[in-house]
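Please examine the model shown below. A short exchange of questions and answers accompanies it.

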Amino acid sequence: MLIRVFTRCSALVAKKPMTQTLLKPIPKLSEAPTLTSHWPRLGIRWGILGLLLAAVLAVLLLSLTLGSVKIPLEDILQVLLGGEASRESWGNIILKFRLPKALTAMLAGAGLGISGLLMQTFFRNPLADPYVLGVSAGASLGVALVVLSAGVVGSTLLAGIGLVGDLGITAAAMLGAGTVMTLVLLLARRVHSIMTLLILGLMFGYLTSGLVSLLLYFNLPERIQAFINWTFGSFGGVTWDEMRILAPLVFIGLVLALALSKPLNALLLGEAYARSMGVNVNTARHWIILVTAILAGVITAFCGPIGFIGIAVPHLCRSILGTSDHRVLLPASILMGALVALIAALLAELPGSNLILPLNAITSLMGAPVVIWVIMRRRNLRESFAS
């Protein structure tokens, strides 16, 4: 009997050694990461960031040059340096229209790109975007209440609270986005499941979308058209006075996002691992939601609901840089978002013509193929997110 047992065990060991069963293969010394192999890779990634910055500046100058009227690059640089253009009308076009539009595109693209990265890491979902918490729907409801109810309640509504024209739409959108953000933050204190919070955000979106649909159904065609025009999205409606509100809020959101690189890296491996690394998960959740809501809310308020930039930009950055380290991905998402938004705004202008295409149509045509390409070159969605 003992001989049979010994023979059986010997056969099993010969078929599959114990070291292969219990231990993972030990890498060779040449395969282990070293300081010398780390620095070249890090240098390449920072070099890519430098190229992205150069591309943003190049497209910025191109967007100032091209349009319904082509302005020479020499005049563009002269105006930017404080001089005067060859023609007075060119200076007005640059300073009053093209420059604020280009800066708005850069701010909006950077904010949407980095908030999309925050949401994809927070929910561990490669298809999450900045509007997944219902912030965009809240902003849309605020705009709908102003634009669509003005004819029902009367013009005294707008006059009484001082909301007039584009400024009124912007204030209403910020109020709606802020309300949804506050509700999500209150629920985040009681809900410990990320998936539950995601479902609640989607339900907020459906609820506000239903209210908007009712307002659209019982309204006049011209007011419905005004609301639909806002949903197309645009970078061209922000004035220098409004830039004083948009730019500081986006800048604050970007700085706060950059400060979250360590918690985001820890959350990539799950909440249990993050806690083991000393990260306060609840505090990190609140900050991520707050930063995303600020960025998505203020951008939606000033530019309308801009789609696909928040989804596509993080995937582009991961594919180009080949890393999931947020210390690199966060600044890359800022630059890539600004670049993509500038290109979309330039394409929507149709340089050489007086036509302007809907911005969301351009971002969808640009973003959807990128997401499809990123997903198809991976075996599954989880792999495309974690690589």
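Residues are numbered from 1 along each chain as its sequence is written. The model is predicted, so local features need pLDDT of at least 70 and side-chain atom pairs count only at pLDDT 80 or more, while totals for chains, interfaces and linings use all residues; side-chain values use heavy atoms, with hydrogens and water left out.

Reader: Is Ser 63 buried or exposed?

Author: Ser 63 belongs to helix α3, residues 35-65 (helices are DSSP runs of H or I, at least four residues, numbered from the N terminus). Buried means under 20% relative accessible area, exposed over 50%, and partly exposed in between, with a 1.4 Å probe and protein chains only. Because its relative accessible area is 13%, Ser 63 is buried.

Reader: Which residues does Ser 63 touch, not counting residues up to four places away in sequence?

Author: Contact means heavy atoms within 4.5 Å. Under this criterion, the residues touched by Ser 63 are Arg 98, Ala 102, Leu 342 and Leu 346.

Reader: Is Tyr 206 buried or exposed?

Author: Tyr 206 is located in helix α9, residues 194-217. Its relative accessibility is 59%, so Tyr 206 counts as exposed.

Reader: What separates the C-alpha atoms of Arg 275 and Pro 263?

Author: Arg 275 lies in helix α13, residues 271-276. With a relative accessible area of 49%, Arg 275 is partly exposed. Pro 263 is 12 residues from Arg 275 along the chain, and their C-alpha atoms are separated by 9.7 Å.

Key:
Helices (H or I, at least four residues) and strands (E, at least two) are DSSP runs, numbered from the N terminus.
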